[in-house]
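Please read it with the structure open beside you.

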Amino acid sequence: MLDFHPLSSEAAPPAHAPRTWDIFCQVIDNFGDVGVCWRIAAELAARGQQVRLWMDDASALQWMAPQPHPAGLAVRPWPAHAANVPESAGDVVIEAFGCEIPAPFVRRIADRAATGAPPVWINLEYLSAEDYVERCHRLPSPLMSGPAAGMTRWFFYPGFTTATGALAREQDLAARQQAFAGRRAGWRSRLGMAQGDCAISLFCYEPAALSRFMEQLQAAAALRPHLLVTPGRATAAVQALPPPAADRPALHYLQPCPQPLFDEMLWGCDLNLVRGEDSLVRALWAGQPLVWHIYPQHDAAHHGKLEAFLDWLQAPASLRAFHHAWNGMTAPQALPLLNLAMLQEWQQCVQAARTRLAMQTDLIAQLQAFVAEKS
């Protein structure tokens, strides 16, 4: 229904000296935490770095990133016991999302520091558009106790502006999107879509307005909607509702898939309903209309985070209203009724945001430059 506009190709970022990177990921949400850490690790390896990805639960990689893994990238078990601890820490140590590195590995960091070659220790934080991100990005955090006392960790914040660490973006992303553009019609046809049908991906928690949305799609004959439902909580949420009448929307229950195929789903759809951090970033790079189901917090702190993102996005009123209802900030009855003109307006908004993001130095390049500066 909506045209797909790939990213423009860009010059390769400057080369950096090869280093060994230790990235630590404790899994809270298999999709989000692992997804972000894997993309960063894989792209560092693609740029000639040696990466050890330490995980307390690597089960999601069986479908998200099946072997063989990229050259230079090794997935290691959580080093809480001596048998899993390497002889030395790497040149760079990254704690993703404030996870706590096990004490045996911290001692390896301290041992290396004692030789006069301390690793650059980075606390990679969650993504947000809130004001504090620009204030806290690259700030030091001295360690006052423990075996690494006297060392410094550095806060590193992904973000949406030039005063932040920006977003992860692969060097070959534009080329992959260009290649898919020629296959997009066939991709949609294999799912039973005809020209003019509206493809909507659903990757969510349990949206407050999901029932209302399904009712609207049943009545949206002009859109001829197809709903691509991702496995897990999205599938459970849809199947908990009464089945749609008159086969509208056409439902496609998807299987778990590797990250490159998830990206293609976002590129192939006319509207992407995404959740969490990794899929939000991927939906932005896709350049198609998107709605973000932000991770809900009991104290409603996520409301301010969502508003900050919508402000940065320069979201039109209808897109802002849809986000509010989708995230339970307003009643489900306030959910705007989708139409083609609205989707086209949302697409223009997202593509303008993507253009701003593409002008920034990407997260991987910024991490490498920061390490070179601090080494």
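1. Arginine 320 is partly exposed, because its relative accessibility is 21%, where buried means under 20% relative accessible area, exposed over 50% and partly exposed in between (1.4 Å probe, protein chains only). Its side chain meets that of aspartate 311 in a salt bridge (3.0 Å, N to O), the term standing for a side-chain nitrogen of Lys or Arg within 4 Å of a carboxyl oxygen of Asp or Glu. Aspartate 311 is also partly exposed, at 48%.

2. This is a predicted model, in which local features need pLDDT of at least 70 and side-chain atom pairs count only at pLDDT 80 or more, while totals for chains, interfaces and linings use all residues. Residues are numbered from 1 along each chain as its sequence is written, and side-chain values use heavy atoms, with hydrogens and water left out.

3. The structure holds 20 salt bridges. One of them joins aspartate 278 to arginine 39, with the closest N and O atoms 2.9 Å apart; aspartate 278 lies in helix α10 and arginine 39 in helix α1, so the pair ties together parts that are 239 residues apart in sequence, helices being DSSP runs (H or I, at least four residues) numbered from the N terminus, as are strands (E, at least two). Both aspartate 278 and arginine 39 are buried.

4. Arginine 19, by contrast, is buried yet has no salt bridge, and the nearest side chain of opposite charge, aspartate 91, is 5.5 Å away; for charge, Lys and Arg count as positive and Asp and Glu as negative, with His and the chain ends not counted.
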